[in-house]
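Q: Please help me learn to read a protein model, one feature at a time.

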Amino acid sequence: MRRFDAVIAGAGAAGMFCAVQLGWRGKSVAVIEHSGCQGRKLMITGKGRCNVTNNCTADTVMKNIPRNSKFMYSALSRFAPEDVMSFFECLGVELKTERGNRVFPVSDNAKDIVKALVKACEDSGVQFIDDEVKVLIIKDGRAEGFKCEHGDYYADSVIVATGGKSYPRTGSTGDGYRLATSVGHKVTAITPSLCPVVTYEREECASAMGLSLRNCTLTLREEDRDKPIFHELGEMLFTHFGLSGPLVLSASAHLGDMNKSRYYMDIDLKPALSHEQLDSRILRDFGDFPNRDFQNSLGKLLPSKIIPLIIKRCGIDPEKKVNQITREERERLVSTVKKLTFTVKCMRPVEEAIITRGGVDVSQIDPRSMESKLCKGLYFIGEVLDVDAYTGGFNLQIAFSTAYSCADKIG
């Protein structure tokens, strides 16, 4: 039997950050990680660059959390994005702010973030233990440690930072949900979030596979609902199964049960132009080459990969000369470019999602400390909680803020 002031399950962003904070407060800390590698998911975030936070106010972070944002009020008040940036800069990691206020290491290398966290843990006396947590050790309604495959680890404070179910190859296997339910916690439905979507128009998307659109707008609509659920300018990508990219990932956070409702994604390929301005632009292009076939007339307006799809959708004969195209046909072309609609069939599997939607019900967690309301001495931090946000560094901010609140209470 080994005893510590605090024992943490999971060496991800939340787990290691919490360990550093506790170590700095003079606590003896052990971090148990079954994958044998610290920060594996951090290594692949932001396409290997690690978007550590968003250079914005705490209020802006709250606005980018579509569910349970009020739960985060106390944690973000204690530890805001500026604090995350100061923390890593104090560890010697230079940071930069890019479009959308996304914050990355200047090196564009996620390994620098992981190395800084691991070194800070080691410098503050944190012990990393390669083992697999099996069950919680509970005595008289209080958490006292973890029973693991190769031994038992006892502590005054027991912290679950095991992540969700996304990217299971990085160690996120959903073990935290099992631990939570074992002491009576409710775990809300686990579904993908920030995830690519499969469309019913799969073949059409595949025809434009690999095409990345910049400065387009995406609007997410739900059938029989007047007001759009999501509308934003940004980037997206066509894939062999449907749609992906930052806009699609953020929109996916709003998708509900697709067995109960139908969702549509409308893409405006030319958001800077009004309907009338786009029509005038097309007329000018047609006027430059009046005897050109329609299929060869859109090269100045649109990326070549999407032209066949646009032609198919607007229903104009591809071999028709542009000087013969009617006003009605041109109207269809403009409408198609301004509103290219795809029907969402489903999201890709949770294993492919950036994060998990759902988790430990936050109504059973103290928002000031992340301590369980059902079991004293037990804490939940990071993605294991039922709190998730859009892309842009907001989810790592949630991890750091919840971890800080936990350490602040314990320390």
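A: Let's begin with strands, which are DSSP runs of E with at least two residues, while helices are runs of H or I with at least four; both are numbered from the N terminus. Two strands pair if DSSP finds at least two bridges between them. This is a predicted model, in which local features need pLDDT of at least 70 and side-chain atom pairs pLDDT 80 or more, whereas totals for chains, interfaces and linings use all residues. Residues are numbered from 1 along each chain as its sequence is written, and side-chain values use heavy atoms, leaving out hydrogens and water.

Q: In β5, which residue is the bridge partner of Lys96?
A: Phe104 is that partner. Three bridges join β4 to β5 (residues 102-105), and the two strands run antiparallel. They belong to an open sheet of three strands with the order β3-β5-β4 and antiparallel pairing. β3 (53-54) and β4 (95-97) are at the edges with a single partner strand each, so one side of each has no neighbour in the sheet.

Q: What sits in the loop between β4 and β5?
A: Gly100 is found there. Its relative accessible area is 43%, so Gly100 counts as partly exposed; buried means under 20%, exposed over 50%, and partly exposed in between, using a 1.4 Å probe and protein chains only. Gly100 also lies 9.6 Å from Cys56, C-alpha to C-alpha, although 44 residues separate the two in sequence.

Q: Are the residues on the two faces of β2 buried or exposed?
A: In a regular strand the side chains alternate between the two faces of the sheet. In β2 (residues 29-32), Val29 and Val31 on one side and Ala30 and Ile32 on the other are all buried. Four bridges join β1 (residues 2-9) to β2, and these strands run parallel; Val7 has Ala30 as its bridge partner.

Q: Which residues touch the most other members of the largest nonpolar core?
A: A nonpolar core is a set of buried Ala, Val, Leu, Ile, Met, Phe, Trp, Tyr and Cys residues joined through side-chain atoms within 4.5 Å. Here the largest one has 85 residues, and Phe146, Ile159 and Leu385 touch the most other members. Helix α13 (residues 394-410) gives the most to this core, with 10 residues. A second, separate core of 46 residues includes Leu220, Leu269, Phe342 and Val344.

Q: Which residue does the side chain of Thr188 join through a polar contact?
A: A polar contact is a pair of N or O atoms within 3.5 Å; within protein, one must be able to donate a hydrogen and the other to accept it, and residues adjacent in sequence count only if both atoms are side-chain atoms. The side chains of Thr188 and Asp386 make one of 3.2 Å. Thr188 lies in the loop between α7 (175-182) and β10 (191-193), and its 18% relative accessibility makes Thr188 buried.
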